[in-house]
Amino acid sequence: MPVYTLPELPYDYSALAPVISPEIIELHHDKHHAAYVKGANDTLEQLAEARDKESWGSINGLEKNLAFHLSGHILHSIYWQNMTGPKDGGGEPLATDGVGALADAIKESFGSFAGFKAQLTKAAATTQGSGWGVLAYEPLSGRLIVEQVYDHQGNVGQGATPILVFDAWEHAFYLQYKNQKVDFIDAMWAVVNWQDVARRYEAAASRANTLLLAP
Ligand SMILES: [Fe+2]
């Protein structure tokens, strides 16, 4: 039995058009995300084999593969849920839409929604090579931070929970936006599902801080 499984998309392939084409969504979910799920499961099996044989020659590569594939699986699982069709998505989180706690946290952490939007846009659009722009809840401070993630797993603060993720890998946009990554990230804001982001914020903020437990 595999440990990890590919989640179903919460909408059909064409739901995010014209911001993201059906062809991109199908390939991205059915091929790329599926490969991370398989990679995470395969790596766990290889690690079990290494333990059985007490054969540790590949341990560095296996641990790196586990971090890469597992993080790819987690980020993509959040990514699909973070988006909704342009009719329902976009804009900014407002108290009148029932997402006031998230709106307040963004203002408190970044000064304004505009400042936050500019920072996340820049972080996502300027990734070098492959990466993500991520809004995360950081439990030590109880604040939100923006992270610029390398690949799927690098350049992150330990323990922060991603609540809004922008995939800035070329596979996320190249078929439609070609080399215009900035245009893709700008367009992404129109399909953000703020209800989902707010749900993730509230779940993360309500968890006890388990990182620095007093003795
Ligand atoms: Fe991706």
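**Stop 1: a patch on the surface**

Start by selecting L140, L211 and L212, which together make a nonpolar patch on the surface with about 300 Å² of accessible area. Keep in mind as you look around that this is a predicted model.

Now zoom in on L211. You will find L211 in the segment that follows helix 7 (194-206).

**Stop 2: the iron ion**

Next, select the iron ion and show the side chains of H28, H76, D167 and H171. These residues coordinate the iron ion through NE2 of H28, NE2 of H76, OD of D167 and NE2 of H171, at 1.9 to 2.1 Å. What geometry does the site of the iron ion have? The site is tetrahedral, and the angles among its 4 donor atoms run from 89 to 134°.

Follow the donor residues along the chain and you can read their spacing as H-x47-H-x90-D-x3-H. Color helix 1 (residues 22-53) and helix 2 (residues 59-82): H28 sits in helix 1 and H76 in helix 2, so this pair ties together parts that are 48 residues apart in sequence.

**Stop 3: an annotated region**

Finally, select residues 4-84. According to an unreviewed UniProt entry, this range carries the annotation "domain: Manganese/iron superoxide dismutase N-terminal". Switch to a cartoon view: residues 4-84 are 69% helix and 0% strand. To finish, pick the end C-alpha atoms of this span, which lie 24 Å apart.

Note on methods. Residues are numbered from 1 along each chain as its sequence is written. This is a predicted model: local features need pLDDT of at least 70, side-chain atom pairs count only at pLDDT 80 or more; totals for chains, interfaces and linings use all residues. Side-chain values use heavy atoms; hydrogens and water are left out. Donors are N, O and S atoms within 2.8 Å of the metal (3.2 Å for Na, K and Ca); water is not among the atoms, so sites may look incomplete. Four donors count as tetrahedral if all angles lie between 85 and 135 degrees; four count as square planar and six as octahedral if opposite donors are over 155 degrees apart and all others between 65 and 115; anything else is irregular. Helices (H or I, at least four residues) and strands (E, at least two) are DSSP runs, numbered from the N terminus. Patches are made of residues with over 30% relative accessible area and no salt bridge: like charges are joined within 9 Å, nonpolar side chains (Val, Leu, Ile, Met, Phe, Trp, Tyr) within 5 Å. Accessible areas come from the Shrake-Rupley method with a 1.4 Å probe; for residues, only the protein chains shown count as cover. A salt bridge is a side-chain nitrogen of Lys or Arg within 4 Å of a carboxyl oxygen of Asp or Glu. UniProt positions are given in the numbering used here, feature names are shortened, and annotations may be inferred rather than shown by experiment.
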